[in-house]
Every structure is written in structure tokens, then in C-alpha cells.
Amino acid sequence: MKQFVDVVLPLPIPGLFTYSFNEADVEHLKIGVRVIVPFGKKKYYTAIVVKLHTNAPVGYTVKPIFSILDDTPILLAEQLKFWNWLSSYYLAALGDVYKAALPSGLKLASETIVELNLDYIGTPDLTDRETKLLDLLSEDPIQSVTKLIKDSGIENILPIVNKLLERGALMLREELKNNYKPRLETRVRLTSTYQTNEAIEPLFDQLGNAPKQLDLLIKYIDLSRFFAQGDPKEVTRFRLLEQANASGSSLKGLVDKGVFEEYEIEIGRLGGGLADIDDLHSLSRVQNQALQEIQAALADKPVCLLQGVTSSGKTEVYIHLIQEAINNGKQVLYLLPEIALTTQITSRLKRVFGDKLGVYHSKFTDAERVEIWKKQLSDEPYQIILGVRSSIFLPFQRLGLIIVDEEHESTYKQYDPAPRYHARDAAIVLAHLYDARVLLGTATPSVETWYNCQTQKYNLVQLTERYKEIKLPEILPVDVYDLKRKKIMKGQFSPLLLSLMRETLDKKEQIILFQNRRGFAPMVECNTCGWVPKCTNCDVSLTYHKRLNELTCHYCGYTYQLPTVCPACEGVDLTFKGFGTEKVEAEIKELFPDASVARMDLDTTRTRTSFERIIADFEEGKTNILIGTQMVSKGLDFDHVSVVGILNADTMLNYPDFRAYERSYQLMAQVAGRAGRRGKQGRVVLQTRSMDHPIIPQVINNRYEEMVASQLEERQLFHYPPFYRLIYVYLKHRDEKKLDFMAQHMATALRGAFGARVLGPDKPPVGRIQLLYIRKIVLKIERNISMPQVKEVLLKIKNNMIRDKNFKSLIVYYDVDPM
Ligand code: ADP
Ligand code: ZN
Ligand code: ZN
């Protein structure tokens, strides 16, 4: 008879934990179901069963499980295998993987804080215990589970809390921080004056001298099926402008004439937009050829790279592959590197796939994420999931295809907390578990992926021309160093950029300006004595944010008052050094007072709706100039951008990292790719102080292969990926002296095992974050060395350190394949 279960707890402790259970429960306990277990002093956690067995543990008394939460597994067998792989490859505890994978609503614990949903109307089928909890909460609507246990006298309370969450009577406290608002969508209709055929017909003549407006009217009639029987269909503003290839101002003209009116509609939670159905676009000849090559490639090897220049129609090709997969009864996972991108791709996919599509990322509330998780386990799961890296954790029943869009993006790597996984690489392993295929897509492949194609590990398919033969943008380099010397730069803007901007605004076209730093000024300095304000918790200078009039640490988030006098010399001459997006915005508003300007960076996109607003306003032509950090570089697809300005190409290039060259190339090529998507060639002004750098002609002439060849050569020479595997060892401690000693000790232990493959310890560029000093040791391991063995040694060394009293409060962790 089976008597014990091994479970994983949502805690950063390696290993599994064993509990006993009642005989009667044996038929309910399955691998993948959740159970409530006691752990530590008066603490309860939601654990997941990973094994049933009869081996009584020795040396301690086994506690019984408290209760069983699920009838059917919440975690599928493939997922458990995937978790185990993540845990062992990235040297993280299985509990860390669990914590990262499940939405909070599925892993209640005694420290969870719950809140009464004031909109909940009780139903008669509430149990006495449920009612009792709701009563307690109506006196004090926000409470921890621990307190509820105390006040109610019900020890086994988590299953009841869980039930109430499912009923919608409770919410998790953290949801409120998410600032969730339903999204709004603008739609267009004819005003009441023009709702009859008779009223409309004369308009066709009247608009004869306003061809753009006439186009709009005709498209509206087409989309709404105005002349068909029955009520006209609703038409979104976005779709109308897109289909008519018109600008917001033409539409405004018709609104002013009283022909159209605009109105806003709230879009529901999972449902999402109007069911504006669109058929698959038929592919161009070259796209079709690429599609066939991909199909053949994926039949041959599990992973294929689609390298297509920006605007070649990669997304259209994906859509055809998705259609094929779901026709075959398979599910598709579509990964994007950044939440900002999901808005546009969601609406493109929604139009083709409707409610077969589910979207999953952290800007959704926890309740929504729980809903999607459960739907994926149901008989009617979404066939397509679109999401950022965390969506690799969702349950899939018939996964057939994973698309990793913009595969080169480093945001696919999770930095903190553990597991420090790379979602692209993990997706390839996940696909393998389902015998599914993977398509990696980008205009600028990562060096690693390119190498995998060269060595025939992956297949390669290329799309070398833009859709409809739109030309790639013309890139115009500008020597900022020279202009500054001649004193003809206006702030951050070269005369060329300013004149192109003016020209563009006159033509009512749009502009994107790229500056890779947010805030107003990255540094404040006392002109008298050179004092620079620094964070008290971290080893970095503070960034000035003008709107808030405060100094912020971009590492720990701490904010400070801007001093009026220098604390070192009492001088009052404080200046701002450098410039971030906020300052660019301020200067642009002064230079172009009539233009409408928006900024997209971490500070302006805290909520999901703020992203959507900024992007929609730009799409609809409400904004003329969009200023942004690398958020604007990634695959956004705008139609009327004729000028892109890269304000300072050098900041990325000078970063002390072996990937700086590759990254700079990718970033510049991607930002440039936002120019001139439909209609005509765009222009990109590339401002730099390093005109002689070889990367400049490579970007201008789109010489990716030359760039990657030179990088591969260097990587081989200096023992970097893809030729060597990197593992960074991070050590953190409050006391710098002790830390130095510990880091030396660790390096010595590592050298004992790995010899000259160990470099360091070194102080990283930011040597202290949140009061903890940091040291880094680098390990470079040859590709042909067996990783499981390496990892075993690493874990042993780490555990020895942690157990040793001399190394008290030392934090050590490994970052495998760091980015
Ligand atoms: P990429 O993903 O390579 O940057 P997209 O798929 O976004 O390119 O295509 C760029 C633009 O061209 C989009 O607006 C897209 O709708 C349009 N497009 C590309 N291929 C087609 C096609 N076969 N039919 C209609 N429109 C297309
Ligand atoms: Zn001073
Ligand atoms: Zn700080």
C-alpha cells in the first residue's frame, strides 16, 4: 500500500518533502494535485504531489497532509518533467520553479493576504464555514490567512479560502496593486442624420473633392455592411483607418462634418475586442516559399530559424503556421519578449483566430491568470496562447508548435529571482517534451542561434525582402562629435534630424525618437566640488525625474528629494548631466510646440492600459512623435513612421559586456526597422560619436552576416558562448570585508575543481545593490564537458559554504547562461 507522498513546496529550499496520508485518500491522491500541508511552526502551504510511495522516511516523524484541494491534477506530467529540467539546468530549487510557475491564487499559504470582494453577492449554497469567514472579513476586509485561522478557530482553512476565491467572494491583496482597469475601444458609426440610404447617397458627390474622406466612407460602408439587410456591424476606429489606409485627421474631417461619430466601448476580461473577423491574408510568392521551406525544415529538425528583415511579413507566415497547427488539432504557444508588443499582435491574431486565442502575462490580474490556467486544463483550452516568458509555465494538453518571436531579445532571460531561465532555450526543451516544433523568428538572430544554424543543429529559412517591395530604410549617420565641436547641435538634436522632423510633421507623417535611458538626467553633479548624489543602498548615482521632482535609484527604486544646496560644499550650482527620455520629451515639446508628443518607457507604462493607450494613440495618428527606450524597438508595426532618430548610438556600444557589439547592432537595426513600413522608404538618423566604428557601416548596409562572423571569431578567441558555456557565481553580503574573504574562499574551492576555467572574484560595475555588496566569479566551461557533473560539483561547493558557520548570511547563487 502506498502511504506517503513527496511534495514540492513553494519555498526556495532544495529537495522534496514527505508527508503521510489516510488510507481513504489513496484514490484521490494523484501526481499533480494540490494538497495543504503544515510546514514549520503553524504554517500552511499549498504543495503539489510529485510522488506516491511506501518508503517511510527515517530520522523524523512524518506529518500527515492536511487536506486535498483538487480532484484532478493541476500540473500535467510534461510540466513536472519541465520543472525538473529547469531546476537542474538552471541550478534552482524545484520550489523556486513552482513559485515562478503558478499564479498566486493557486498557491495559497498562511501568509497570503486576502480581501473581501465588496461586489460579491452571496449565494444560498454557501456553507456555514464559508459564511463564517465572510462575516469575519466584513468586519475587517483585509486579513492574512493566519489571522483568519486564529479568529475563526478553523485550523484547516485554506481549502475554504480557496473555495471563496473560486466563487469570486475574495481577492488576493496583490491584485489591487495591479491597478486593473477594463480596456476601452473606440468605434465609429454614422450619425443619426446619415443612417438611411437616401441621406448617404448625396455624400458621394459632396466628398468628391476630399478623396481620403470618400475612401473612409466607402470603407465604412463596406465593413459595416451598411447596404446589407439588418443592422450595420460595428466598426472599430483602428480597423477603419487601417483598411482605408487613412489618417486620424481625415476621419476627424468627417466627424466635424457631422457624418461620423466616435464612441467608446469597454472590452471584457478574457473575451477581448470586437469579433472583427479577418481571413488569412494570402501570402506573397516569397512568403509562400518561406512557409514551405519552414514546413520542410520542421519535418527535418525540431527547431528552425526564420530570419526575415523587418516588415518582411514574418508575422503573416506565423499566422499560416498557426492555422495549420490548429487544423491538425494541436496547440500553439506564441512567445514575445515584451508585454508592450502583445497589444498589436493580439489584435492581429484575434482577427483571424477569435476566441481560440488566450493572452497571458503579468499585467493581467492574478484572478485572470488562474482562470486561464484552469481553462488550459479543461476540455476547451485555448488553442493559441500568446504571452511573454512566463507563459511557458502554462499547462498544454496537445502542444504542437512554439513560435519565439524576436528570439534575440535578452528580455527572454529571467534575471531575478530564481529560476534564472532563458525562455527561448526553455521553450525548446518544453517543445521536445511534447514532440512539438519550434520556430525562432527575428531580423537579427542572436549569435548563439546563428551558430546553431551554421552547425546544422537548427535549420535556417530567410526572407530577404520587405512585403510589397517596400525598401529598407535609408540610414543617415551623423557625427555628433564634430557637430558639438562646431557648436551646431541643438541640445540632443542634429540639424539633419530637426529638418527631417519638420518635413515629416508638415506632411502629417510620424516620427520615433529612440533614447536608451529613462528619466530626465542620469546624473546630477555639483559644479563647485563635483559631488554626485548616490543611492544609500546601492553603488550607483541617482537619476533625476523632473515631473516628480525627485531622484530615483534605478536599481532599488528608492527615491530621494533633490537637494537645493550641495551637502558637501553648500554650493547651489547643481547641474544635470546626460539626458533621458523625459528630457528629450521636454526639449521636443519646446522645439515643436504644435506637435503631439508621447513617451513610452518604464515610467509611463506601469499599467496594461497605459501601454495600449500609447500604442493606440500612435497607431491612430493622435500622436505625431513617439519618444521611447528600447521598448519602441521591438517589432512594433506602425504605418506612417517616416523618420526614426537614434539619438545616441554609443551608450550601448560602450557597455562593458561581451555582447555589447551584438546588442548594439540588433538594437539599431530593430529601431531603424520601425521606419517606412507601408508606402515608401523611411529615413533613420543615426547620431553617434564613433563614426569610425565598424558597426556603423554594418548597420547602414544591413551587413548582419559580416557582423556575426566577426563576433563569432572573437567569441572563439576569448572563450565565450556559443563556444563555451558561462556560469556566473554571485556572492552577496552586507559586510564588504567579509564578502571579499568569502569570495576568495569560494574561488579557491572552484579552482580546485575547475582550474583555470575560473575567473575572479571581481567587483561588478554596480558593486552594491540594496545594501548588499556583490562579487562575481565567472566560470567558462567547454561545450563538450558533461554539465550534470559540473552542476553536481557546483551545488556541493555552494552547500558546503552555506552550511559553514563562517559564512553566515552569505547569499550565493549561480546564473547559468547569463545574458
Ligand atoms: P514582420 O513580422 O516581418 O516585421 P509583418 O508580418 O508585421 O512583418 O508585416 C509588415 C506589414 O505588412 C504588416 O502590416 C502586415 O499586415 C503587412 N503584410 C505582410 N505580409 C502580408 C500579406 N501577405 N498580406 C497582407 N499584408 C501583409
Ligand atoms: Zn559641492
Ligand atoms: Zn538603490
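These notebook entries record what I looked up in a predicted model.

**Entry 1: the zinc site**

I began with the zinc ion (ligand 3) and listed its donors. The ion is coordinated by the SG atoms of Cys-535, Cys-538, Cys-553 and Cys-556, at 2.2 to 2.4 Å. I then examined the geometry: the angles among the four donor atoms are 106 to 112 degrees, and the site is tetrahedral. Along the chain, the donors of this zinc ion follow the spacing C-x2-C-x14-C-x2-C. I noted that Cys-535 and Cys-553 link distant parts of the chain, 18 residues apart. Cys-535 lies in the loop between β21 (523-526) and β22 (543-545), and Cys-553 lies in the loop between β23 (550-552) and β24 (559-561).

Are these two cysteines buried or exposed? Cys-535 has a relative accessible area of 3%, so it counts as buried. Cys-553 is buried as well, at 1% relative accessibility.

**Entry 2: helices α8 and α10**

I next looked up how helix α8 (residues 211-224) packs with helix α10 (residues 248-256). Their axes are 9 Å apart, at an angle of about 80 degrees. Because of this angle, α8 is roughly perpendicular to α10. On the side of α8, I recorded Lys-212, Gln-213, Leu-216 and Leu-217 in the contact; α10 contributes Ser-250, Leu-251, Gly-253 and Leu-254. By class, I find four nonpolar, three polar and one charged residues in this contact.

**Entry 3: Thr-346**

Finally, I located Thr-346 in helix α13 (residues 339-353). Its relative accessible area is 14%, under the 20% cut-off, and therefore Thr-346 is buried. Leaving aside residues up to four places away in sequence, I found that Thr-346 touches Leu-357, Val-359 and Leu-386.

Key
Residues numbered from 1 in each chain as written. Chains lettered and ligands numbered in written order. Predicted model: local features only at pLDDT ≥ 70, side-chain atom pairs only at ≥ 80, totals over all residues. Heavy atoms only, no water. Helix = DSSP H or I, 4+ residues; strand = E, 2+ residues; numbered from the N terminus. Buried < 20%, exposed > 50% of the residue type's maximum accessible area, 1.4 Å probe, protein only. Contact = heavy atoms within 4.5 Å. Donors = N, O, S within 2.8 Å, 3.2 Å for Na, K, Ca; no water. Tetrahedral: all angles 85-135°; square planar, octahedral: opposite > 155°, others 65-115°. Axes fitted to C-alpha atoms, helices over the stretch in contact; angles between N-to-C directions. Parallel < 35°, antiparallel > 145°, perpendicular 65-115°, else oblique. Nonpolar A, V, L, I, M, F, W, Y, C, P; charged D, E, K, R; others polar.
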